[in-house]
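Me: I have a structure open here and would like to go through it. Can you help me read it?

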Amino acid sequence: MHDDNKIYKTDSTAGVSSITTGDYGDDTYLSTVRRIKPRFLRAPLSAAMTNYFKRNLGDTLAEGQTIAMNDGKFDMLKSSRWHRFKIEFTGNHEITGIDVSSKVDGTR
């Protein structure tokens with residue numbers, strides 16, 4: 001760490017990093033998430049995604065399965081009102097967004 005207000009460039013490989021999304025969903029309907037597709041400018045060496053879910057806002061999140069990235073995406077099936085995703089990366093990468101593919105199951 002430097003305190004001299006200069007920009008430094010490093011040429012090493014990144015270790016493990018992660019991002020956690022906000023909550024996806026709606027208070028009035030259940031949805032089944034089928035696929036999470038990160039949009040990479042540069043893909044990491046590997047990645048794994050853990051899904052979290054809850055029925056109502058204010059509820060404690062429950063931890064779902066952890067899925068390894070396969071062909072640039074995470075395939076899954078989980079139905080709930082609210083979904084959150086934590087993606088852990090190994091290696092250098094650049095990500096611009098995440099596409100969440102889901103299907104509405106019904107309303108209350």
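Me: Let's start with Ser80. Which residues does Ser80 touch, not counting residues up to four places away in sequence?
Reply: Leaving out residues up to four places away in sequence, Ser80 touches Tyr29, Leu30, Ser31, Phe53, Lys54 and Arg55. Keep in mind that this is a predicted model.

Me: Is Ser80 buried or exposed?
Reply: Ser80 counts as buried, because its relative accessibility is 1% and the cut-off for buried is under 20%.

Me: Which strand is Ser80 in?
Reply: Strand 6, which covers residues 74-80.

Me: And what is the order of the strands in the open sheet?
Reply: The order is 6-3-8, with 3 strands and antiparallel pairing. Strand 6 and strand 8 (94-107) stand at the edges. Each of these two has a single partner strand, so one side of each has no neighbour in the sheet.

Me: How many degrees are neighbouring strands of this sheet turned against each other on average?
Reply: On average 20°, with direction ignored.

Me: How many bridges join strand 3 to strand 8?
Reply: There are 12 bridges between strand 3 (residues 29-42) and strand 8, and the two run antiparallel. As one example of facing residues, Arg35 stands opposite Ser101 in strand 8.

Me: New topic: Ala62. Where does Ala62 lie?
Reply: Ala62 is in strand 5, which spans residues 62-68. Its relative accessible area is 27%, so Ala62 is partly exposed; that class sits between the cut-offs of 20% and 50%.

Me: What does Ala62 touch, again without residues up to four places away in sequence?
Reply: Asn51, Tyr52 and Phe53. Phe53 is also among the residues that Ser80 touches.

Me: How far apart are Ala62 and His83 in space?
Reply: They are 9.7 Å apart, C-alpha to C-alpha, and 21 residues apart in sequence.

Me: Now the whole chain. How many helices and strands are there?
Reply: The chain has 0 helices and 8 strands. Read from the N terminus, the elements run β-β-β-β-β-β-β-β.

Me: What share of the residues counts as buried?
Reply: 24% of the 108 residues. Ser80 counts as buried too.

Me: And the surface, what does that come to?
Reply: The accessible surface of the chain is about 7,100 Å², and 46% of that belongs to carbon and sulfur atoms.

Me: Last one. Of the contacts with a separation of 6 or more, what share comes from residues 24 or more positions apart?
Reply: Such residues account for 83% of those contacts in the chain.

Notes
Residues are numbered from 1 along each chain as its sequence is written. This is a predicted model: local features need pLDDT of at least 70, side-chain atom pairs count only at pLDDT 80 or more; totals for chains, interfaces and linings use all residues. Side-chain values use heavy atoms; hydrogens and water are left out. Helices (H or I, at least four residues) and strands (E, at least two) are DSSP runs, numbered from the N terminus. Buried means under 20% relative accessible area, exposed over 50%, partly exposed in between (1.4 Å probe, protein chains only). Contact means heavy atoms within 4.5 Å. Two strands pair if DSSP finds at least two bridges between them. Axes are lines fitted to C-alpha atoms, for helices over the stretch in contact, and angles run from 0 to 180 degrees between N-to-C directions. Accessible areas come from the Shrake-Rupley method with a 1.4 Å probe; for residues, only the protein chains shown count as cover.
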